[in-house]
Amino acid sequence: MKTIYCMNTTAIKQQLHGYLEIADDKKLKAIYTMVEDEIKETQVDYSDEFKAELDKRVTYYLNGGRMVSPNEMSKRLQAKRNKRK
């Protein structure tokens, strides 16, 4: 039997994923109760307006729209910051 201290994070996640598929309701509820607050903290609730804007941008991109690379955006932001100083 492996102990958790000998397993890397990937192996632990794989073991948990597999176990969650076969665990009975009582154990699933117990596990969920232990992490419920953390799950709720990590969930993001996007507004309908924000989702619509994301959909619009994806459609624009898929139709050949020009996008800005992260490197280019970083340069643009830095230039704006420098202007404010």
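How many residues apart are K40 and E36 in helix α2 (residues 25–42), and what does this spacing amount to in helical turns? The two are 4 residues apart, which means that about one helical turn separates them. The model examined here is predicted, so to speak of local features a pLDDT of at least 70 is needed, side-chain atom pairs count only at pLDDT 80 or more, and totals for chains, interfaces and linings use all residues. Residues are numbered from 1 along each chain as its sequence is written, and side-chain values use heavy atoms, with hydrogens and water left out.

Salt bridges come first. The term stands for a side-chain nitrogen of Lys or Arg within 4 Å of a carboxyl oxygen of Asp or Glu, and 4 of them turn up when the whole structure is searched. One of these pairs K40 with E36, whose closest N and O atoms are 2.9 Å apart. K40 is partly exposed at 49% relative accessibility, as is E36 at 24%; this class lies between buried (under 20% relative accessible area) and exposed (over 50%), with a 1.4 Å probe and protein chains only. Helices, for their part, are DSSP runs of H or I with at least four residues, numbered from the N terminus.

Helix α3 (residues 48–62) holds R57 and E53, again 4 residues apart and about one helical turn from each other. Their side chains form a salt bridge with an N to O distance of 2.8 Å, and E53 is partly exposed, having a relative accessible area of 27%.

In helix α4, R76 and E72 likewise lie 4 residues apart, about one turn of the helix. A salt bridge joins their side chains at 3.3 Å, N to O. R76 has a relative accessible area of 38% and is partly exposed; E72, at 32%, is partly exposed too. Shared partners, meanwhile, link the salt bridges of E53, K56 and R57 into one network.

The surface also carries a patch of positive charge, made up of K80, R81, K83, R84 and K85. Patch members have over 30% relative accessible area and no salt bridge, and like charges are joined within 9 Å. Lys and Arg count as positive here, while His and the chain ends are not counted; the charge is placed at NZ of Lys or CZ of Arg.

Conventions. Patches are made of residues with over 30% relative accessible area and no salt bridge: like charges are joined within 9 Å, nonpolar side chains (Val, Leu, Ile, Met, Phe, Trp, Tyr) within 5 Å. Accessible areas come from the Shrake-Rupley method with a 1.4 Å probe; for residues, only the protein chains shown count as cover.
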